[in-house]
Amino acid sequence: MGADKIQIIEGRALPLRGDDMDTDRIMPARFLKSITFEGLDRHVFEDDRLEAKRSGRIHPFDEPNYRGASILVGNRNFGAGSSREHAPQGLRRWGIRAIVAESFAEIFFGNSLMIGLACVTASVSDVENLMSLAERDPTAVLKIDLKAGFCQAPGMTVRVSIPDHVRDTLMTGAWDTTGLLLDNYEQVNAVAAKLPYLSGF
Amino acid sequence: MGKTLLQKVWDLHKVRTLPTGPTQLFIGLHLIHEVTTPQAFDVLRQRGWRVARPDRTFATVDHIVPTRQRQRPFLDVMAEDMISSLERNCRDFGIPLYDVGDERQGIVHVIGPELGLTQPGMTIACGDSHTSTHGAFGAVAFGIGTSQVRDVLASQCIAIEPLKVRRIRVVGRLPRGVYAKDVILTIIQRLGIGGGNGYAYEYAGDAIERMSMDERMTVCNMSIEGGARVGYVNPDETTFKYIEGRPFAPQGEAFARARTWWRSMASDADAAYDDDVEIRAAELTPVVTWGVNPGQSIGVDGKVPLAAGTDQQSISDALSYMGLRAGQPIAGMKVDVAFIGSCTNGRLSDLHEAARIVRGQQVAKGVKALVVPGSVSVQKAAEREGLDATFRDAGFEWRDAGCSMCLGMNPDKLEGNQVCAASSNRNFKGRQGSPTGRTLLMSPAMVAAAAITGVVTDVRELLEEVPAGVR
């Protein structure tokens with residue numbers, strides 16, 4: 001399957017303020033009405049962007065200075081709600097390769113891992129520092145080193161956390177799991193064979 | 001030291017620890033629907049894989065199906081495309097499909113239990129976060145994304161990290177007018193919408209034990225709104241009685257053996273928990289959300305909070321979206337739409353509770369009210385009892401089964417900044433299909449009350465006028 005090995009993610013940052021950013025906001029449900037993930041990049045945060053436009057603001061995803069950014073910086077409980085993989089798919093197709101946030105919702109975190117989108121956490125103050133930096137200087141380049149557990153930015157180095165198995169999965173390119181699950185399939189059959197509900201009790 | 005149900009189910013279904021660390025877990029039942037599967041089937045085709053266990057995979061259509069005018073092809077070309085795609089995939093890979101027109105069609109989390117597919121001690125997965133619903137039966141049920149749907153289709157397994165268990169004991173009697181929905185909304189409000197991250201929630205205590213299966217499903221359904229991917233109730237006589245006689249339930253002597261095994265899967269009395277929380281049922285009131293996530297809720301007799309403290313920014317943002325003033329009472333807020341349905345509260349007992357409020361009354365002028373049964377089976381049962389006439393006579397629309405207005409993927413949507421009293425599960429911005437639509441989550445009885453009065457109303461006031469007869 002040849003999944004990429006991911007250790008270093010380097011690029012400009014896109015700051016997205018707000019706790020509990022739910023997947024309905026990241027990818028409104030009407031864009032799930034498709035049999036492919038193609039084109040989802042166009043609809044990331046679509047309703048929030050329209051709302052910003054209406055009230056005379058520019059949403060970070062419409063801000064020309066953040067075009068081409070690859071590291072999203074978010075706050076608490078990023079990706080809450082629906083299990084729609086369309087949310088991380090849309091972000092990744094837009095160009096996001098890593099997300100630094102205070103915390104993540106569990107299903108979003110897992111879905112992101114499955115497509116090689118690295119989610120790392122940082123302290124509240126470090127997230128604030130990274131956001132302020134990106135707001136002050138959108139050209140600032142961040143460099144996340146998963147192995148070292150740091151995110152370097154001009155004038156600062158902050159510690160980022162990622163569970164060991166997630167880091168190893170990304171670094172070894174094993175985030176495409178199906179092949180792994182199909183290995184040693186006799187073990188799977190052995191487990192199935194001892195389940196009472198599969199053998200008429 | 002005893003074990004929790006989660007540990008027992010986990011140990012039984014564990015294939016191995018993967019070289020990368022997570023557990024490879026066998027999935028006993030895979031439920032699929034039209035929205036989160038087409039891309040997964042595409043990968044199977046590209047790689048030449050078969051579906052590992054078509055005998056343990058069941059499909060239905062719910063998210064995008066219209067709840068009226070269901071003749072094919074659907075008016076919505078994209079919806080038609082998705083349904084056709086699922087039909088083709090089920091045909092090609094040998095998976096049973098309960099399609100539009102089939103008596104078994106309905107919301108995936110309503111039909112699994114109805115058909116007896118959902119059973120204690122199982123692992124269950126579905127590409128939908130409300131899969132936690134099935135935990136009401138003492139199953140361990142995971143909401144998964146499309147890449148994991150691909151994994152389950154191809155291998156009948158997922159790679160997953162072990163979960164901690166938080167026991168939430170609800171003790172004492174629920175006051176009149178306080179329902180399972182109020183219990184789970186209170187839990188979410190108290191523990192936070194991210195509070196369940198990394199946990200499975202085990203719901204216990206005498207209030208939970210007295211609940212019907214429908215009520216337990218409502219509680220487990222919204223575990224994910226509390227951040228917990230998995231929620232469950234230990235199986236007991238209520239569970240077994242519900243399952244007995246259903247199409248996929250074990251029959252005769254096998255049922256007796258199943259029952260013994262199911263009982264053995266319940267958490268042991270001396271099981272250790274990673275966390276323990278107690279909720280006193282007597283303190284609970286009917287709950288309404290005032291904000292843009294399911295944790296932003298108050299008692300119906302309460303006031304919308306002031307934007308203060310560490311959450312100042314999110315509170316003021318939510319208030320401005322909802323068009324509410326800090327400190328304003330939530331009761332009396334005008335509603336435009338009343339929606340009774342969804343995997344949270346679209347079952348027969350939910351319709352019973354709503355009908356008690358509605359009977360002999362009229363929907364307030366200017367309110368659009370609709371009832372959407374969670375499955376064809378719920379619909380038919382309700383119609384046999386004449387509930388459809390009760391709702392229609394009161395001015396409600398009576399629809400066909402589907403997810404409907406819960407999520408804005410089918411023709412049932414809010415318009416503009418309409419306010420909707422909803423028995424569903426999410427009040428996120430734009431959730432009900434209009435980018436500026438506003439959702440107030442509450443119990444089906446509270447939605448019925450709001451439909452009749454046209455404003456957010458304390459259902460306990462109306463219940464006094466209705467002959468007693470419920471718990």
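This briefing describes selected features of chains A and B, beginning with a sheet and ending with some backbone details.

The model is predicted, and local features need pLDDT of at least 70, side-chain atom pairs count only at pLDDT 80 or more, while totals for chains, interfaces and linings use all residues. Residues are numbered from 1 along each chain as its sequence is written, and chains are lettered from A and ligands numbered from 1 in the order in which they are written. Helices (H or I, at least four residues) and strands (E, at least two) are DSSP runs, numbered from the N terminus.

**The sheet of chain A**

- In chain A, seven strands make up an open sheet with mixed pairing, in the order 4-3-2-1-5-6-7, where two strands pair if DSSP finds at least two bridges between them.
- Strand 4 (118-121) and strand 7 (156-159) of chain A are at the edges and have a single partner strand each, so one side of each lacks a neighbour in the sheet.
- Neighbouring strands of this sheet are turned against each other by 30° on average, direction ignored, with axes being lines fitted to C-alpha atoms, for helices over the stretch in contact, and angles running from 0 to 180 degrees between N-to-C directions.
- Strand 1 (residues 8-15) and strand 2 (residues 71-73) of chain A are paired in the parallel sense over three bridges, and Ala13(A) stands opposite Ile71(A) of strand 2.
- Helix 5 (residues 124-136) of chain A lies across strand 1, strand 2, strand 3 (98-101), strand 6 (150-153) and strand 7, and runs at about 75° to strand 1 of chain A.

**An enclosed helix in chain B**

- In helix 5 (residues 146-155) of chain B, 10 of the 10 residues are buried, so this helix is largely enclosed by the rest of the structure; a residue is buried if 20 or more other C-beta atoms, placed from the backbone, lie within 10 Å of its own, exposed if 12 or fewer, and partly exposed in between.
- The buried residues of this helix include Arg150(B) and Asp151(B) as well as Val152(B) and Leu153(B).
- Gln156(B), which follows helix 5 of chain B, has a positive phi, near 60°.

**Backbone details in loops**

- Most residues other than glycine have a negative phi, and most peptide bonds are trans.
- Asn77(A), although not a glycine, has a positive phi of about 55°; Asn77(A) is in the loop between strand 2 and helix 3 (86-94) of chain A, and counts as buried because it has 26 C-beta neighbours inside 10 Å.
- Ser404(B), also not a glycine, has a positive phi of about 50°; Ser404(B) is in the loop between strand 17 (397-398) and strand 18 (419-422) of chain B, and counts as buried because it has 32 C-beta neighbours inside 10 Å.
- The peptide bond from Arg72(B) to Pro73(B) is cis, with omega near -10°, and Pro73(B) is in the loop between strand 4 (57-60) and helix 3 (77-93) of chain B.

Methods
Contact = placed C-beta atoms within 7 Å.
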